Every structure is written in structure tokens, then in C-alpha cells.
Amino acid sequence: MKSRQEQQYSPSLDDCLKLLRGERDEQRLAGLLLVTKFCKGDDLASLRLVYDAVGSHFLQRLLRTGMGKPPASGSGVDNRDAYLQLSITVMAAFCRVPEIASSEDMISKVPLILEIMPQLGVPVLEECYEFLCLVTTSSDHGAEAFSESGGLKVLASQMSSFADGSRLMELAMKILGSTLSKTSQEVANDSYLSDLSIIVVSIARQFAVLQNALKFEALHLLSEIFSSKYSGPLSEALRVLVTTSWLDHVRAGVVAILQNRVAPAEKLHALILAEYMVSIRGEEWLIGQANLPECLLLVFESSRVEVAVLLNDLAYLQYEASRDTSTTAEAIFLKQRNVAIAFSLLERIIKLISTIGGEPDKSISESALIKIINGLNETIDVVLEYLKDAKEHGKNKGDDLLASVRVTGSYLAEAPDACKEKVKEVLGFMLTVQGEDEPSPFQSICFLLPMLCQITMKIEGCKALVTSGGYKAVVDCLVKLIGPSGNMLEESSRIFLACDTIMNLLLKKEQIRFVMEESTYVDLLKALLYWAVDSGDITVIMMASSLSALILDYTSEEALLNHPNFDSVSLGSLYRLIAKSLAAGRQNAFILKFCSGNLGVLLEHAMSDVTSSEMDLLEIVSS
């Protein structure tokens, strides 16, 4: 037996359906008005019945009439506004039914809704956003229609005027979230990126000022944008923005997330934001113009926690858990990606504190600096343990291992005496680490060159490198850098770090009892000749000739000629290189000797930085 409520409800629906199926437009309009009275909330079954009764053709005519597509005058203007509001209201109601929202009928109306939105007031505008939100979240085709019809430009022009935390702002953010990943490469042009950068400013404000669930929506949306395929091109659009308030808004939001008790996943999203901001604005973003270390310390501590947890998880997944399932492989991939973000932030912080030169600066207090340095020592110790674990399990290939070597090399370049004993244990292994796509070790050696150059200035460091066999890796790296397949212009800093490291070993060969294999120094000599013999760069000539002279002192012309890969032509090139360096060194000395007065002073000042290092190299060659 039907309840009293159902008996009252059923005639109303029946009356509505009869009106909607009427022959005259007046009947259908009356039926639609009746729909707005009782078809509320989640009454999806009734909405479906009403939609089928009214038909898509009448809805299309009503919308176009409301938009003023047919000619109208006089009192028709008022009716037109009413028609427009009615059509948008009922369409938004119908789209609560997922099958209707994803239909071609509703998707085809997306361009029309976007066209009329700039002219609407708040009440009707909210219905438009409701409609677009339901259509774009219900199907990929709906999201694509929004993007291809210039939907992002509409969002960019309106979001800044929405009240903080309003329903309009919430709907706009949901629409963006549903369309971002479905935007085609063709649509994502300079105009699209410019519009997206403007939207980022609005979302950043919500991330900073709100203290409700929408704050986390803003966090997730910014994280998605900054991790998307457009993050690189978008960074250029963000750099040229006139407004800079969004920089402070993102920082304030990151601080709020990291200093409160939130789920670990939310803190990771905050670190993604911080890493992106640092990548486009530099390490100084962590402290801001007000020189406040709060964000820096929170990001640092959170990154340290992530590294410790993620490396522990990765060690378990890779060496103890079963790897037969795709779930395990996916978990490893995600954790490797996340630890890379934390490593990147730690490297940026290392770079930031290295610019201070170990002295307290106005931007970072002495106590904060000490806290960071102590924390880095602990974290690098954890990373070295992870590398040691990989060594014991015979695993030297993986992007996580390469990232571990990179962050270790970054810190040890600034603090070469840190974690000294553990570094000795894994030094040789670190020089064998390969990225997933590397055919042989190369990047790991490059990452460690600044540290190796530092430690080989002392006897102890030279012994550690020679004992581990790592000197061969450095030589191989240098040969790759300066040989026929190397990129000498882009890699010049690495080249000279490798040269200095090898020179440190050769200059101390007696004290450390260093013996270099014949094939190793022959390959090195050939590469040095290729690099420098025809070069016009005096620094290159002096460095190459110094190393060549040290190697020649290490062996003899006869021994070289007996090697199958070194002939008289190579020996002639070697002599030519050394003669060239001696001539260049004497020429500099001659110029300084015979130029007197102000000219001589000016030349001496200009050449002092260059010639001081070159004269040291010349002394090696001459001796």
C-alpha cells in the first residue's frame, strides 16, 4: 500500500510528464517550471523520466532562444533571460544522471554554455559551472569538448573574481581537475599555458587562505598541474607573471600542510609543490623575501623523513618481498619517483647552504644552519646504508641508486670529510652504479667528481680512490667526455674536475704507490691528444699537456711505441702538444716582461687569474 507522501508525489510527476509531452511550447515550458519545483537532489529516476519526456530538440531550442540566437525585441528580452535561466537550470539538473551528462546531447551544449557565461550573473553562472562540472567529470569526451571550446580561457577570466571557498570556486577547481589530463597537445599552446598560469594564481590563494577540505583540493590540483606533461612549458608562463603574491601563497600553504598532522600522502603533495617552486624560482623561494627559515626547515625535515621511510620501503620491496606481482613493481616505481622528489629538495638545500660558505647569513640563522648540517649528516648516512645494502645484494642498476649517488656526491662535495668510513666502504661501488637506461656507468661518476677532486687533494683520499679501483672509472669517464663522442662545451666543468682528480693521483704516485695499467694511460693519452692538440684554448692546452707530461714521466717513449694502440704519429702529436704549451707559457711571460707602465699593470691584472693556474701547469710540463 502506497504511503501518503507517494500518493501526493505521483500525480505531480504525472502532471509534469503530461505537460512536457504536450504539443504546444507553452505546455512544455509549464512542465519544465514544474520540474524545478519537485525534481531535486538525487531523484535520478524522475529526472530520467522528465528528460526523456521533454526531448533534446526542445531543450536545444530553449537554450538558443535564451541566448538570443533568434531575433527578439521588446518584452521578448525579459522572456529571453527567463528562458536562458530555465534551460540552464534544468540541464544542470538532468546532468545529475551520469548517462545524461555523458550523452552527446549534453556534450554538444558545452560550447554554447561557455559562450554565454561571460554575460551571466552569479546565480545563473553557478548553474553553468554545475552543468560543466557534471559533463566534464562524466566522460572524457565532455572534458575534451570543454578544452577544445576554450573552457580554460573562461576559467582564467572568472576565477580571480570568485569569493574564497565559494561554491563557484569549488566547481571551477573540479572542472579543471577533470580536464587537465585530457587536454590534447594541439590545444596546449602558448595561450593555454598563459591561461593556466593565471588559474594557478587563483588556486594558490585558496591553498593559502582556506582551512577546510577545499584547501586539500587546491593542494592536489596544484600537485597535479606541477607534475603534468605541461609543467615544463608552464614554468616559463609562471616566470613572466606580473603578480608575485602567488609565490607567498604557495609557500604559506606548504608550511600549513607540513607543520600540521596530516596524512603522509598530503605531505608528499606539499613536497611536490615545493620542489617545483624551487625549480622555477631558485632555492631562495624556501626562505622568501622576509628571510624566514620556517618553510626551509619544514621542507628539509619532511624530505629527510621521506628519504628514510622510502629507502627502507624500497629495500624491503626489492630484496625481501616477492617481486612476482605487478603490484610490487608498481609500488617500487612510485616509491622511486617519490624519493627522487625528496632527494631533489635535499640537493637544493645543500646548494642553498653552500652559498653561505659555512658562515651564518642574514637569511639563515646559525642555529638553523647547524640543524640542517647535522640533519644532512644523518640522512647521507642513511643513503650510504641503502647503497651498501644494494652492493651486498649485487644490484648496481636503478634510477633510485643513481639518485642516491647524486645526493651523496652533492653533499660530500661541500663536506668531503662527512661519513668518511662509510664512504670508503661503498666508494668503488658508487662508481659502478648505472641508471636504468645507461649501458655503462657514467652519470654516477660525474656526480661524484666534485667530491673526488676534493678528497684526492690529500694522501688519504688518493689511497681510498686507488684502493677501491675507482681511478679507472674516473679515467674512463674523462675519455668519454673528451673523446670523439663527448660534448666538450657542455661538459667543460666535469672535464676539468676529472683532470684535476687524475692529476692529484699522478702527482702523489710515489706516496700512494700508484700503478696505472698500460692500457688505461694509453687510452687517456689518446683522448687528451684528441681534445687539445688542435685546440686554441690555452687552458685546455695547458691541462692536457700537464697530464700528458705526467703520464710520459710515468712511462717512456719506447714503452708507448711498443703499445699496439700508440704509434709514432700519436707520439708526434704528444710532442707537438707539449711544445705548444711551453710556447704559450713563455709568450705570456714575455708579454708581461716587456709591457711597462699602466699597460703592463693592466695586462698583469687581467692575466693574473688565468696565468696563475696556467703557470702551475707549465711548471709541471717543464719539470
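The model is predicted. Helix α14 takes part in a contact with α12 and in another with α17. Helix α20 packs against α21 and also contributes to the lining of the largest cavity. Helix α21 is among the elements that line the largest pocket.

**Helix α14 and its contacts**

- Helix α12, residues 167-179, packs with helix α14, residues 213-227, at an angle of about 30°, and their axes are 11 Å apart.
- Because angles under 35 degrees count as roughly parallel, α12 is roughly parallel to α14.
- The crossing of these two helices, α12 and α14, is left-handed.
- On the α12 side the contact is made by Glu170, Met173, Leu176 and Gly177. On the α14 side it is made by Leu214, Glu217, Ala218, Leu221, Glu224 and Ile225.
- Sorted by class, the contact of α12 with α14 holds six nonpolar, one polar and three charged residues.
- Helix α17, residues 264-281, packs with α14 at an angle of about 50°, with the axes 9 Å apart.
- This angle makes α14 oblique to α17.
- The crossing of α14 and α17 is left-handed.
- From α14, the residues in contact with α17 are Phe216, Leu219, His220, Leu222, Ser223, Phe226 and Ser227. From α17, the contact residues are Glu266, His269, Ala270, Ile272, Leu273, Tyr276 and Met277.
- The contact of α14 with α17 comprises nine nonpolar, four polar and one charged residue.

**Helix α20 against α21**

- Helix α20 spans residues 366-392, and its axis comes within 10 Å of the axis of α21, with a crossing at roughly 145°.
- The crossing of α20 and α21 is left-handed.
- Helix α20 makes the contact through Ile373, Leu376, Asn377, Ile380, Val383, Leu384, Tyr386, Leu387 and Ala390.
- Helix α21 makes the contact through Asp400, Leu401, Ser404, Val405, Val407, Thr408 and Tyr411.

**The largest pocket**

- The volume of the largest pocket is about 640 Å³.
- There are 24 lining residues, and those closest to the centre of the pocket are Ser344, Glu347, Arg406, Ser410 and Phe447.
- Two or more lining residues come from each of α19 (326-354), α21 (399-414), α23 (443-455) and α26 (492-507).
- Helix α19 gives the largest share of the pocket lining, with ten residues.
- By class, the lining of the largest pocket has twelve nonpolar, four polar and eight charged residues.

**The largest cavity**

- The count of cavities of 30 Å³ or more is one.
- The largest cavity has a volume of about 30 Å³.
- Its lining is made of Leu384, Glu385, Lys388, Lys422, Glu425 and Val426.
- At least two residues of this lining come from α20, and at least two from α22 (420-430).
- Four charged residues and two nonpolar ones line the largest cavity, with no polar residue.

Conventions: Residues are numbered from 1 along each chain as its sequence is written. This is a predicted model: local features need pLDDT of at least 70, side-chain atom pairs count only at pLDDT 80 or more; totals for chains, interfaces and linings use all residues. Side-chain values use heavy atoms; hydrogens and water are left out. Axes are lines fitted to C-alpha atoms, for helices over the stretch in contact, and angles run from 0 to 180 degrees between N-to-C directions. Helices (H or I, at least four residues) and strands (E, at least two) are DSSP runs, numbered from the N terminus. Angles under 35 degrees count as roughly parallel, over 145 as roughly antiparallel, 65 to 115 as roughly perpendicular and the rest as oblique. A crossing is left-handed if the near helix is turned anticlockwise from the far one by less than a right angle, and right-handed if clockwise. Contact means heavy atoms within 4.5 Å. Ala, Val, Leu, Ile, Met, Phe, Trp, Tyr, Cys and Pro count as nonpolar, Asp, Glu, Lys and Arg as charged, and the others, Gly among them, as polar. On a 1 Å grid over the protein atoms alone, a cavity is a set of points where a 1.4 Å probe fits but cannot get out, and a pocket is an open set with protein on both sides within 12 Å along at least five of seven lines; lining residues have an atom within 4 Å of a point. Grid points are joined across faces, edges and corners, and a volume is the space filled by probe spheres set on the points.
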